[in-house]
Amino acid sequence: MRILVTGGAGFIGSTFVRRRLRSTGDSIVVLDALTYAGNITNLAEVEEDATLRARFRFVRGDIADAAVVRSLIGEIDAVVNFAAESHVDRSILEADAFLRTGVIGVHVLLDAVRAASATRVDRPIRFVQVSTDEVYGAVDVGASVETDPLVPRSPYAAAKAAGDLLVGAYHVTHGTDVVITRGANTYGPHQHPEKLIPLFITNAIDDLPVPIYGDGLQERDWLYVDDHADAVGFVLDRGQSGQAYNVPGGGPVTNREVTRAILATVGKPWSLARSVPDRPGHDRRYAMDGSKIEHLGWHAKVAWDAGLPATIAWFVANRDWWARVRSGEWNDYYERQYGRRLADSVPA
Ligand code: NAD
Ligand code: TYD
């Protein structure tokens with residue numbers, strides 16, 4: 001298969017590219033705008049391996065740029081769309097780019113897939129939209145199923161939900177071959193340090209405070225990145241056209257429990273943990289029912305107890321990677337997001 005992977009220089013997309021090239025004979029073209037979150041060194045392992053490199057091409061570009069997308073689509077069998085602005089806190093500070101990529105970008109990709117598929121009806125292009133549990137909104141009790149209404153509560157989640165709705169509309173209106181994955185909160189090597197787990201690991205390594213929003217009793221269902229990437233590949237190969245598939249993690253963990261585990265494993269005291277003013281509209285809990293993808297034959301392989309220490313070990317061993325990311329634009333972001341909060345913080 002020849003796959004166009006958008007957002008393939010990011011955290012989950014690059015993991016998908018590395019694992020898919022190693023486990024199949026597929027060819028991959030990555031289209032990535034290399035925003036602040038994109039990192040070409042995430043694909044160094046591919047560039048450095050002659051057998052992988054032979055089936056790989058990188059194109060820098062924007063998924064909302066129709067000319068670029070059309071120029072690539074003719075040669076491919078499937079599009080896997082990881083490209084998005086992916087951080088809730090940044091969507092609260094400034095949402096424009098979330099909408100441009102999450103709505104216009106998804107529309108441009110779908111329209112290119114529709115047009116190219118119309119000229120080759122025997123081999124339509126499959127479109128995989130990589131979505132999130134956050135489209136269901138906060139789930140106080142129970143677990144979301146794929147047919148639940150979408151009730152997003154942050155600008156990030158609203159842009160992702162808009163993408164899901166467009167994908168569904170192209171399937172109904174144009175018969176486009178689409179599938180959607182809705183992954184849980186993901187963690188692992190190569191994650192941008194703006195997100196909870198890598199932020200707290202890298203802060204702890206450097207003896208900086210770790211800022212817990214509100215009471216820290218919010219729950220997330222953590223999914224290891226290799227499992228998330230493999231689930232996307234599984235749905236690409238086996239998902240039924242027009243369907244969405246939840247991809248849950250290993251069960252709920254509170255942010256306080258995450259913090260405790262990170263500080264203990266890095267060997268730092270609880271006194272680094274600070275309670276800071278809460279995130280506006282903070283979703284209390286996410287939880288998904290995974291029966292649909294399990295009935296199709298997929299289940300997660302990496303338990304939290306194994307995934308978290310492996311992630312911490314990676315960050316300890318790869319200071320060069322994250323020190324580069326935590327420089328330049330990072331300092332302005334950190335000050336904007338945490339300056340006032342940390343000044344107002346109390347022991348957690
Ligand atoms: P990320 O921020 O690490 O990577 C996003 C990538 O997309 C970057 O390489 C960036 O340069 C690229 N990009 C952004 N806008 C683009 C544009 N207009 N055109 C081309 N490329 C663009 O994100 P991630 O954590 O790897 O998430 C990947 C996908 O998975 C996203 O769609 C996200 O919504 C979804 N998801 C993430 C999680 C999670 O916990 N990280 C959970 C569920 C779903
Ligand atoms: P995050 O990694 O931003 O993922 P999401 O908001 O998409 O779930 O945050 C995970 C949880 O951690 C969420 O409840 C917010 C919380 N959090 C903090 O308490 N402090 C922080 O500095 C960050 C980044 C997140």
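Me: Which of the 20 residues around ligand 2 come nearest?
Reply: Glu134, Arg220, Arg279, His282 and Tyr338. A residue counts as near a molecule or strand if one of its heavy atoms lies within 4 Å of it.

Me: What's the model, and how are things numbered?
Reply: This is a predicted model: local features need pLDDT of at least 70, side-chain atom pairs count only at pLDDT 80 or more, and totals for chains, interfaces and linings use all residues. Residues are numbered from 1 along each chain as its sequence is written, chains are lettered from A and ligands numbered from 1 in the order in which they are written, and side-chain values use heavy atoms, with hydrogens and water left out.

Me: Back to ligand 2. How far is its oxygen from the Glu134 side chain?
Reply: 2.5 Å, to an N or O atom. For His282, a side-chain N or O atom is 2.7 Å from an oxygen of ligand 2. A polar contact is a pair of N or O atoms within 3.5 Å; within protein, one must be able to donate a hydrogen and the other to accept it, and residues adjacent in sequence count only if both atoms are side-chain atoms.

Me: And Leu196: backbone or side chain?
Reply: Backbone. An N or O atom there lies 2.9 Å from a ligand 2 oxygen.

Me: New topic. What's the strand order in the open sheet?
Reply: E3-E2-E1-E4-E5-E6-E11, seven strands, with parallel pairing. Strands E3 (56-60) and E11 (244-247) are the edges, each pairing on one side only. Twist averages 20° from one strand to the next. Strands (E, at least two residues) and helices (H or I, at least four) are DSSP runs, numbered from the N terminus. Two strands pair if DSSP finds at least two bridges between them.

Me: Which helices pack on it?
Reply: H1 (residues 11-23) touches E1, E2, E3 and E4, and makes about 170° with E2. H9 (residues 225-238) touches E1, E4, E5, E6 and E11, at about 145° to E5. Contact means heavy atoms within 4.5 Å. Axes are lines fitted to C-alpha atoms, for helices over the stretch in contact, and angles run from 0 to 180 degrees between N-to-C directions.

Me: Is H9 mostly covered or mostly open?
Reply: Covered. 10 of its 14 residues are buried, including Val225, Ala229 and Phe234. Buried means under 20% relative accessible area, exposed over 50%, partly exposed in between (1.4 Å probe, protein chains only).

Me: What does Thr15 touch?
Reply: Val225, Asp226 and Ala229, not counting residues up to four places away in sequence. Thr15 sits in H1. Thr15 counts as buried because its relative accessibility is 1%.
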